[in-house]
Amino acid sequence: MDIIKYAQNPELKHDWTIDQVKQIFSLPFNDLLFYAQLIHRRFFNPNEVQTSTLLSIKTGACPEDCAYCPQSGHYNTGLSKEQLMAIEEVVANAQRAKETGATRFCMGAAWRSPREKDLPVVLEMIRSVKALGLETCVTLGMLDGDQAEQLKDAGLDYYNHNLDTSQDYYDKIITTRTYQDRLNTLQHVRDAGINVCSGGIVGMGEQQNDRYGLLMELANMPEHPQSVPINMLVAVEGTPLQDVEQLDPIEFVRTIATARIIMPLSYVRLSAGREDMNEETQALCFMAGANSIFYGEKLLTTANPDQDADRNLLKKLGINPERRDISESEHHHESERVSAAIQLRKADQASEVNTPMAEVKFTNAAS
Ligand code: SF4
């Protein structure tokens, strides 16, 4: 494909091939970051990140066997199990998250799928958190259509359900649910009109082809996920992946940049694994088009950089937390999002917010 043409005029493609993803992923590093920046600046303020806070509302004893997860009941990781949290406690956590600057509050439960008796409690949590003026996101495992509708009626903004890895590598990581199960849940979420948050984990011992495959699956969904978390494996002792070799950070940055290029309107979230990344790697991820982070000390059960460290880093980089009106979080179908993005681009060009775009001359003839 002609990456220069595409970067000049990116489109929402849903028929990416492995070879095209590979071609982008394998560009010389400086070219890759340049194209990722060009596309990022068309649709987003390059100096803003969206911030979410994540709370585990039900921890451990999960019947699924995800090989990376300390919450799986199949592995002994020494994690203390907790029942579903009380609504008041969740609301108090959400209030604190709001005070420290988060705009979205994500609630995660270690379930195969929500049980009938638990779902009404979660619906109440969503209503209460939303009433604080925060966007809401939950991750509860597999959903059927009716459960997705109930979540939508409660006012849920985002549902997180990751593909984790490529179709080919998937059975090395999870055997208790299929790739198709995941795609079905995401379809129910989309059908209900809830924004999709879906991404994956790299550094799980997969090959480069699997990273291309994961990115291709995400970009070839009927709509690009509104939010794409890219996680670096946190190898937890007691899980089958405890001794897996650490992924080269440059490979991680390439994954972020490729996600930015092939899903130009999605928020790309720099997710788990940030605690182990130095500031330089994180800065490269922002340069590659990551524009969303988790803010707070914990990601479900693994550590996250503390908020002071985050604030210092963002300050050093001149990056501000994104502020937006909660009413903007309503689900938009792709055509509406594209026209909104084009309007935004016109406004940005008019006000010269992203002036480097206008100045760019394409002299680079990357293959
Ligand atoms: S990733 Fe989710 S579904 Fe898989 S074991 Fe962990 S909590 Fe359960």
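Predicted model: local features only at pLDDT ≥ 70, side-chain atom pairs only at ≥ 80, totals over all residues.
Biologist: Why is Glu-322 called partly exposed?

Modeller: Glu-322 has 16 other C-beta atoms within 10 Å. Buried requires 20 or more and exposed 12 or fewer, so Glu-322 is partly exposed.

Biologist: Which residues is Glu-322 in contact with, leaving aside its neighbours within four places in sequence?

Modeller: Those residues are Glu-48, Val-49, Gln-50 and Thr-103. Val-49 is 273 residues from Glu-322 along the chain, and their C-alpha atoms are separated by 5.3 Å.

Biologist: What makes H9 roughly parallel to H10?

Modeller: Helix H9 (residues 249-262) packs against helix H10 (residues 279-287) at an angle of about 20 degrees, the axes being 9 Å apart. Angles under 35 degrees count as roughly parallel, so H9 is roughly parallel to H10. The crossing of H9 with H10 is right-handed.

Biologist: Which residues meet in H9 and H10?

Modeller: From H9 come Pro-249, Val-253 and Ile-256; from H10, Thr-281, Leu-284 and Cys-285. By class, this contact has 5 nonpolar residues, 1 polar and no charged ones.

Biologist: Why is H9 described as mostly covered?

Modeller: A residue is buried if 20 or more other C-beta atoms lie within 10 Å of its own. In H9, 11 of the 14 residues are buried, among them Phe-252, Arg-254 and Arg-260.

Technical notes: Residues numbered from 1 in each chain as written. Axes fitted to C-alpha atoms, helices over the stretch in contact; angles between N-to-C directions. Helix = DSSP H or I, 4+ residues; strand = E, 2+ residues; numbered from the N terminus. Parallel < 35°, antiparallel > 145°, perpendicular 65-115°, else oblique. Left-handed = near helix turned anticlockwise from the far one by under 90°. Contact = placed C-beta atoms within 7 Å. Nonpolar A, V, L, I, M, F, W, Y, C, P; charged D, E, K, R; others polar.
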